[in-house]
Amino acid sequence: MVGESENLFRSGRPRSLWQHSEFLKLWAGQTISTIGSGVTASALPLTAVLVLGAHASDMGWLLAVESAPVLLVGMFAGVWVDRLPRRRLLIGADLGRAGLLACIPLLAYLGGLRIEHLYAVALTTGALTVLFDIAYRSFVPELASRALLPTRSCPLLWASTPQKASE
């Protein structure tokens, strides 16, 4: 990966990221993933209410189960993600979420969908989302070398950029 990011430069000028094939793959995959996450955020509660006739307490539990992985998995995920290939983890997490979510219409079609299934899918997809988000934040700097990232014009990066005492 490092060798390819070094090839982003020609005659000292950075080449556009739109010409970088690995960035385009990441961008396309992230676009599809974001659309899928948006659909899921609407479809899961609507399925609970319209298909299963969920009550307010069921909806509260569904929201709690969706949010729980941030607390349960978030503390340990960073260490685990650092030990695995990030690209494979990103792809696996997205495919896992898609597979789990595909189970919902299949169970509904077979007539076996229950609220407990939605809880299980929400918990598991939430855990995969936490892993994905952590891996994504550390994969992007690997993909585009630090030379392509604007260090002086982005206040969020100032904290990670060493400053001289005179500045």
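Guide: Buried means under 20% relative accessible area, exposed over 50%, and partly exposed in between. The model here is predicted.

Visitor: OK. Is R86 buried or exposed, then?

Guide: R86 has 16% relative accessibility, so R86 counts as buried.

Visitor: What does R86 form a salt bridge with?

Guide: D82 is the partner, and the closest N and O atoms are 2.9 Å apart. D82 counts as exposed, at 52% relative accessibility.

Visitor: How many salt bridges does a search of the whole structure find?

Guide: Five. Among them is the pair K25 and E22, with 3.2 Å between the closest N and O atoms.

Visitor: Where do K25 and E22 lie?

Guide: Both are in helix α2. They sit three residues apart, about one turn of the helix. K25 is partly exposed at 48% relative accessibility, whereas E22 is buried at 11%.

Visitor: Which residues do shared partners join into one network?

Guide: E22, K25 and R87.

Visitor: Switching topic. Which residues form a nonpolar patch on the surface?

Guide: L46, V49, L50 and V51 do, with about 390 Å² of accessible area together.

Visitor: And where does V49 lie?

Guide: V49 is in helix α2, which spans residues 21–51. Its relative accessible area is 38%, so V49 is partly exposed.

Methods:
Residues are numbered from 1 along each chain as its sequence is written. This is a predicted model: local features need pLDDT of at least 70, side-chain atom pairs count only at pLDDT 80 or more; totals for chains, interfaces and linings use all residues. Side-chain values use heavy atoms; hydrogens and water are left out. Patches are made of residues with over 30% relative accessible area and no salt bridge: like charges are joined within 9 Å, nonpolar side chains (Val, Leu, Ile, Met, Phe, Trp, Tyr) within 5 Å. Accessible areas come from the Shrake-Rupley method with a 1.4 Å probe; for residues, only the protein chains shown count as cover. A salt bridge is a side-chain nitrogen of Lys or Arg within 4 Å of a carboxyl oxygen of Asp or Glu. Helices (H or I, at least four residues) and strands (E, at least two) are DSSP runs, numbered from the N terminus. Buried means under 20% relative accessible area, exposed over 50%, partly exposed in between (1.4 Å probe, protein chains only).
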